[in-house]
Amino acid sequence: MSDANNDDMVRPVGDELEASQEKGEKRKRDVKPRSRVWGHFTKLEGKEGNNQQAKCHYCGKTFTCGSKGGTTHLLRHIDNGLCIAYNKRGGTQSELSFKKDTSGEGSNIVPWKFDQERSRIDLTELIISHELPFSLVEDPKFQKFVVGLCPKFKLVTRNTVKSDCVKLYEGQKHILKEFLQIEKPRVCLTTDTWTSSNELPFMAVTAHFIDTEWRLHKKIINFGIIPVRATGENLADIISICTITMDNCSTNNVVARSLVDHYEHRGLLLLRGPHLQVRCWAHIINLIVQDGLDEIKDSICRVRSAVKYVKSSPRRKMEFLQYADQERIPRSRMLVLDVCTRWNSTYKMLGSALHYKQAYNRMKTRDPNFKDPPDQEDWDKAASVHHFLEVFYRVTEIFSGAKYCTANIFFCEVYRILTLLRETSKDKNSLLGNMSFSMNLKFEKYWLTKEPNVLLSVAVVLDPSNQNSKSNPISSPLQGEIDIMEEFYKFNEEEDVMQSKSELDVYVEEKLHPSKGDDFEVLQWWKANTSKFRILSMMARDILAIPISSFASKCAFSAEGRVLNKFRSSLLPSTVEALVCTQDWIRASVLPLDGDDKENDDAFTGKLILA
């Protein structure tokens with residue numbers, strides 16, 4: 001009885017059951033679709049089940065959207081750019097992305113919108129910066145990676161990437177031309193020649209200048225096969241030239257004279273060109289040191305053979321490291337094999353070999369195939385010479401810097417070398433004494449017969465930390481006094497300055513900067529005192545930009561040793577120039593004041609659309 005009553009209470013019958021079913025159907029119809037695809041499509045009425053269809057809001061196309069078919073194909077129509085109408089209107093739905101804040105400690109959520117053109121430019125810059133082959137974009141693995149990151153990106157071919165690289169080069173070149181025409185700086189050039197893997201001679205021309213904001217710039221303006229074409233389209237034809245720094249060889253002397261003849265009548269040379277050529281002192285130091293290393297060439301050859309013996313076989317490397325472990329030598333350094341024509345690589349080789357000296361001695365007793373190893377006398381000579389050459393290595397590094405001015409520190413560093421040679425050569429009975437004597441003769445040869453550019457003397461005076469040079473004429477260690485005042489007054493006469501007391505007199509008489517500290521920045525000082533020394537500041541902008549070494553041009557050929565590799569050597573010279581120049585321009589284009597390593601990302605920015 002109770003069971004029957006319970007059944008009557010639980011089960012709806014008749015009209016109640018029919019009403020309950022209608023209510024359930026109504027509740028089921030009220031469920032809203034949750035996929036974002038329905039923000040772009042509308043289901044069409046009249047068809048149900050697997051025949052259900054949806055219509056695109058933008059192009060009007062219809063697609064099946066049955067319960068078993070899913071909606072992936074509808075999303076693909078929108079996300080992969082298949083809907084032309086949606087692409088033209090730029091989409092309606094914003095996406096979010098994380099962007100680091102200026103402090104670099106946190107991230108902010110910002111709206112993001114896919115931009116095919118911006119992505120093309122980013123891909124072009126990636127290929128140029130990392131010297132990647134154009135065929136990368138056609139690699140299936142790379143394409144799979146890109147599609148996985150952003151399905152909206154339209155893949156391009158190798159020919160399209162090549163065209164994009166050239167177009168980016170032309171755009172950046174136009175921006176650089178406009179900048180030079182506005183700033184009108186007097187440019188200092190460095191140049192060097194190399195040979196590619198297919199025996200084609202290339203020349204790099206790099207421009208160094210200081211802009212009106214006293215920022216030091218370094219830019220490759222020409223990179224091509226010798227002879228470099230001279231046309232009205234070249235950047236070199238729109239700039240005023242202060243100096244050109246080249247290696248010390250007779251061929252470059254001819255080049256300097258040719259430049260004077262070519263540009264003198266255009267009025268583009270400082271003082272009409274008598275002080276145009278600056279000899280690369282990194283190259284001169286290389287010649288001086290190479291002459292000294294001849295004194296111990298036999299010992300160097302044995303050390304070089306020992307390094308080559310270990311590096312020639314993976315098995316020998318493992319055995320050598322075991323010997324080092326047995327001698328408790330830390331593996332903090334690796335053996336370095338030198339290039340015979342570059343003394344700085346020989347210096348590094350000697351240092352690395354001396355670090356593993358005891359491991360070599362153990363190998364000598366254990367390995368019967370280790371022939372003619374260095375003896376104790378060889379190690380003693382290597383240690384003495386390595387310590388002696390440390391000053392030359394540091395000075396070469398200073399002269400080769402491109403992020404700071406080097407002209408104002410030239411005489412100080414050269415005098416450091418001269419003092420070392422003179423003091424060491426007094427002991428003529430020692431190894432280092434004989435080395436120093438021959439190196440000093442070579443030094444005097446270059447100093448006396450090919451004396452430094454007089455503008456380098458002016459650069460010393462234009463450094464306010466050089467107090468002695470401001471109050472007295474520059475004293476050459478070998479030649480006595482060099483009267484640089486005449487050069488200063490020539491500058492004043494060119495500017496037609498008519499005043500009772502010249503800026504030079506005020507500059508020399510005032511106590512401008514008592515001493516040179518580690519935090520002193522010569523360009524920053526001139527920026528702060530430009531209004532006080534209007535003419536001298538113009539001179540400082542021209543002369544302080546003079547590079548002492550042509551190292552900056554060598555960077556074009558030896559950016560980690562890969563610039564003119566087999567791939568790039570196979571390209572047309574015009575394409576190689578576009579790649580090398582653009583790579584230099586998009587990498588840390590502006591060098592901050594005096595060695596500040598922070599890059600200025602806002603310099604030389606311009607919008608460039610790739611068709």
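A residue counts as buried when its relative accessible area is under 20%, and as exposed when that area is over 50%. Val156 has a relative accessible area of 12%, so it is buried. One thing to remember as you click around: this is a predicted model.

**Stop 1: around Val156**

Stay with Val156, which sits in the loop between helix α6 and helix α7 (158-183). Which residues does Val156 touch, leaving out those up to four places away in sequence? Show Arg120, Leu123, Val137 and Val161, and you have them. Now pick the C-alpha atoms of Val156 and Arg120: they are 8.7 Å apart in space, while the two residues are 36 residues apart in sequence.

**Stop 2: the whole chain**

Zoom out and colour by secondary structure. The protein chain has 26 helices and 13 strands. Of its 611 residues, 44% are buried.

**Stop 3**

Select residues 41-43, 53-56 and 62-64, which are β1, β2 and β3. They form an open sheet in the order β1-β2-β3, with antiparallel pairing. Strands β1 and β3 are at the edges, each pairing on one side only.

Strands of a sheet pair through backbone hydrogen bonds. Here, β2 and β3 are joined by three bridges. To see two residues facing each other across this pair, show Lys55 and Thr62: Lys55 stands opposite Thr62 in β3.

**Stop 4: two cysteines**

Show the side chains of Cys56 and Cys59. Are they bonded or too far apart for a bond? A disulfide is a covalent bond between the sulfur atoms of two cysteines. The cut-off used here is a pair of sulfur atoms within 2.5 Å. The sulfur of Cys59 is 3.6 Å from that of Cys56, its closest cysteine sulfur, which is too far for a bond. By this rule, the number of disulfides is zero. Cys59 itself is partly exposed, at 32% relative accessible area.

**Stop 5: a hairpin**

Select residues 201-210 for β7 and residues 216-225 for β8. The two strands run antiparallel and are joined by nine bridges. They make a hairpin with five residues between them. Click on Trp214 in the turn to find a positive phi of about 60 degrees. Then show Phe202, which stands opposite Ile225 in β8.

Is β8 enclosed or open to the outside? Nine of its 10 residues are buried, so β8 is largely enclosed by the rest of the structure.

**Stop 6**

Glu131 has a phi near 55 degrees, a positive value in a residue other than glycine. Look for Glu131 in the loop between α5 (116-129) and α6 (140-149). Its relative accessibility is 7%, so Glu131 counts as buried.

Now jump to Arg328, in the loop between α11 and α12. Arg328 also has a positive phi, of about 55 degrees, although it is not a glycine. With a relative accessibility of 77%, however, Arg328 counts as exposed.

**Stop 7: helix α13 and what covers it**

Select residues 357-366, helix α13, and highlight Lys357, Ala359, Tyr360 and Met363, which are buried. Turn the view until you look down the axis of α13: the buried residues fall within an arc of 155 degrees, so they line one face of the helix. What covers them? The cover includes α10 (297-311), α11 (314-326), α12 (343-355) and α14.

**Stop 8: α14 meets α15**

Finish with residues 376-388 and 390-399. These are helices α14 and α15, which pack at an angle of about 35 degrees with their axes 4 Å apart. Show His386, His387 and Phe388 of α14, together with Glu390, Val391 and Phe392 of α15, to see the residues that make the contact. Colour them by class and you will find three nonpolar, two polar and one charged.

Conventions:
Residues are numbered from 1 along each chain as its sequence is written. This is a predicted model: local features need pLDDT of at least 70, side-chain atom pairs count only at pLDDT 80 or more; totals for chains, interfaces and linings use all residues. Side-chain values use heavy atoms; hydrogens and water are left out. Axes are lines fitted to C-alpha atoms, for helices over the stretch in contact, and angles run from 0 to 180 degrees between N-to-C directions. Contact means heavy atoms within 4.5 Å. Ala, Val, Leu, Ile, Met, Phe, Trp, Tyr, Cys and Pro count as nonpolar, Asp, Glu, Lys and Arg as charged, and the others, Gly among them, as polar. Buried means under 20% relative accessible area, exposed over 50%, partly exposed in between (1.4 Å probe, protein chains only). Two strands pair if DSSP finds at least two bridges between them. The arc is that of the directions from the helix axis to the C-beta atoms.
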